[in-house]
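This briefing sets out selected features of a two-chain structure for computational work. The sequence and coordinates come first, followed by notes grouped by topic.

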Amino acid sequence: MSNSKNTGRIKHLKQQFAFGIFRLFSLMVVAILFFILAFIIVRGAKVISWNFLTGMPEEGMTKGGIFPAIVGTFLLVIGSLLFTFPVGVLSAIYTNEYMKDSWYKRFIKLMTNNLAGIPSIVFGLFGMSLFVNTLGFGDSIIAGSLTLGLLTLPVVIRTTEEALKSIDNSFREGSYALGATKLQTIRKVVLPMAFPNIITGLILSVGRVSGETAPILFTVAAYFLPKLPHSIFDQVMALPYHLYVISTSGTNVEESRPMAYGTALVLIAIVLLVNILANALRRYFSKKVKMN
Amino acid sequence: MSLIIETKDVNLYYGDFHALKGISMEMQPNTVTAFIGPSGCGKSTYLRLFNRMNDLIDAVKITGTINIDGKNVYEKGVDIVELRRKVGMVFQKPNPFPKTIFENIAYGLRVNGVGDKHFIEDRVERSLKQAALWEEVKDKLKKSAFELSGGQQQRLCIARALAIEPTILLMDEPASALDPISTSKIEELIHELKKNYTILIVTHNMQQAARVSDATAFFYLGNLVEFGTTKDIFTHPNDIKTQNYITGRFG
């Protein structure tokens with residue numbers, strides 16, 4: 001009797017021990033995140049000012065603001081979405097709604113997944129070779145946007161496919177049974193229902209685009225360019241690259257350190273804001289879908 | 001108005017699986033024909049031949065002829081969209097679109113090119129009345145169809161099918177997901193609709209088949225075991241398998 005009581009207690013202790021470890025690690029994740037955020041906020045908040053957000057960099061980027069880099073990142077996000085959204089969504093619609101199960105479809109899916117695994121610096125090299133040199137765009141917003149667009153394409157395709165797959169077939173059948181064509185069914189039933197989840201793919205890609213450095217290194221980013229672009233064939237500064245420059249190869253790395261933290265803070269804040277905005281959009285659309 | 005439906009030696013394969021084995025049958029206009037049989041016997045697959053719903057599944061092969069008013073619906077060049085407008089369908093699980101009640105009914109008209117606002121409004125009202133749902137929803141046509149109960153949703157789906165004025169109505173276990181009260185409403189509706197439509201219905205419920213249908217077909221393992229008037233099938237079936245099934249000895 002007492003023996004079985006003991007095993008019971010040991011079991012209980014083991015259980016507690018396991019729970020403790022799980023809890024510890026999950027707390028660690030939160031702690032790491034908070035530490036990084038606090039570190040950036042404490043060091044970066046000092047330099048944040050109206051002039052920092054809206055001014056041009058001055059004195060070898062040790063003083064002044066980061067306005068051109070903010071604008072540049074913003075333009076690159078928009079530009080890459082303009083490319084990746086239609087291409088990604090249309091291609092996902094084709095593979096998910098039109099293609100029959102075949103080796104060809106599996107091949108396309110495999111290639112899409114492989115695309116997601118390519119290091120971003122390779123995209124940068126490819127973008128330089130194709131957009132900057134072969135197509136002759138030069139270092140420009142359009143070359144950078146397209147390169148970033150290629151990079152996020154797999155994310156958009158995969159999330160769109162998941163969104164389409166999650167729509168129960170009974171809705172498609174219901175539409176076909178009323179004499180709707182495939183195109184009508186996709187446009188009027190499937191896409192509106194999948195739309196809130198397709199937005200998720202966009203959120204993910206915006207986060208990635210605004211933080212990527214390697215793909216813009218050879219395709220668009222300017223080391224120092226204290227003015228705003230006039231056309232899509234101009235170069236721009238961008239936040240992640242600016243951060244890299246003033247931390248490693250600026251005129252005076254030590255003196256521009258506070259500027260680097262300020263830049264990091266702005267970058268994080270932008271990603272956070274976009275996420276919040278996109279989530280609000282998604283909620284808005286999921287409500288709208290039911291009412292339509 | 002309503003048309004004779006007949007199938008001659010129809011075989012259907014899902015890949016290597018022989019799901020329907022040489023089915024030949026004839027169904028009369030303005031009658032209700034029930035397809036009964038245990039799960040996997042092929043009755044739903046058979047029903048889905050008439051509006052070519054099986055086309056949506058990869059690797060399906062169909063042989064034989066399925067005639068509606070003397071025309072083979074599987075012939076080359078048949079307009080599937082036109083066929084589905086003529087042969088409406090109600091599914092097992094209510095599947096209204098995530099749109100308003102009004103737009104759910106209007107959908108079928110809109111995709112078929114009807115744009116006239118008054119025409120659509122009239123047709124929506126008429127279809128909802130035909131489906132015995134008008135009184136319950138007339139004040140909330142702009143509300144989401146998802147706010148309706150399961151039984152109301154199913155009647156909405158029936159109204160949606162009726163709105164495009166089909167001549168044949170396919171019903172795939174339309175009451176299996178519903179409570180008894182909703183079920184009896186749907187059954188009353190079937191009686192009413194029979195006057196204007198030819199109805200083919202798949203059901204798991206023997207009493208329902210006996211109550212609503214004029215003719216009954218018993219399917220087993222892809223074969224049509226027995227087909228006759230509902231009265232004959234339920235009172236003195238010829239085949240021992242039919243008798244065992246309807247008396248609940250297997251299923």
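Does Pro215(A) count as buried or exposed? The structure is a predicted model, and in it Pro215(A) has 32 C-beta neighbours inside 10 Å. Since 20 or more such neighbours define a buried residue, Pro215(A) counts as buried.

**Surroundings of Pro215(A)**
- Pro215(A) belongs to helix α9 of chain A, which covers residues 214–217.
- Leaving aside residues up to four places away in sequence, Pro215(A) touches Ser120(A), Phe123(A), Gly124(A), Gly127(A), Thr147(A), Leu148(A) and Leu151(A).
- Ser120(A) lies 95 residues from Pro215(A) along the chain, yet the C-alpha atoms of the two are separated by 5.9 Å.

**Helix α4 of chain A**
- Helix α4(A) comprises 15 residues, 103–117, and at 1.5 Å a residue it should span 21 Å.
- The end C-alpha atoms of α4(A) are 21 Å apart, which agrees with that expectation.
- The number of buried residues among the 15 of α4(A) is zero, so the helix lies largely in the open.

**Six-stranded sheet of chain B**
- Strands of a sheet pair through backbone hydrogen bonds, either parallel or antiparallel.
- In chain B, six strands form an open sheet with mixed pairing, in the order β6-β7-β8-β3-β9-β10.
- Strands β6 and β10 (223–229) of chain B are the edges, each pairing on one side only.
- From one strand to the next, the twist averages 15°.
- Within chain B, strand β3 (residues 32–36) runs parallel to strand β9 (residues 215–220), and four bridges join them.
- Thr33(B) stands opposite Ala215(B) of β9(B).

**Antiparallel pairs of chain B**
- Strands β1 (residues 5–14) and β4 (residues 60–68) of chain B run antiparallel and are joined by eight bridges.
- Tyr13(B) has Lys61(B) in β4(B) as its bridge partner.
- β4(B) also pairs in the antiparallel sense with strand β5 (residues 71–72) of chain B, over two bridges, and Asn67(B) is partnered there by Asn72(B).
- The hairpin of β4(B) and β5(B) has two residues between the strands, and Asp69(B) takes a positive phi near 55° in it.

**Interface between the chains**
- Contacts link 25 residues of chain B with 19 residues of chain A.
- On the side of chain B that touches chain A, the elements giving two or more residues are α2 (80–86), β6 (87–90) and α3 (101–111) of chain B.
- The largest share of that side, four residues, comes from α3(B).
- By class, this side of chain B has 11 nonpolar, seven polar and seven charged residues.

Conventions: Residues numbered from 1 in each chain as written. Chains lettered and ligands numbered in written order. Predicted model: local features only at pLDDT ≥ 70, side-chain atom pairs only at ≥ 80, totals over all residues. Contact = placed C-beta atoms within 7 Å. Nonpolar A, V, L, I, M, F, W, Y, C, P; charged D, E, K, R; others polar. Expected span 1.5 Å × (residues − 1). Buried ≥ 20, exposed ≤ 12 C-beta atoms within 10 Å, placed from the backbone. Pairing = 2+ DSSP bridges. Axes fitted to C-alpha atoms, helices over the stretch in contact; angles between N-to-C directions.
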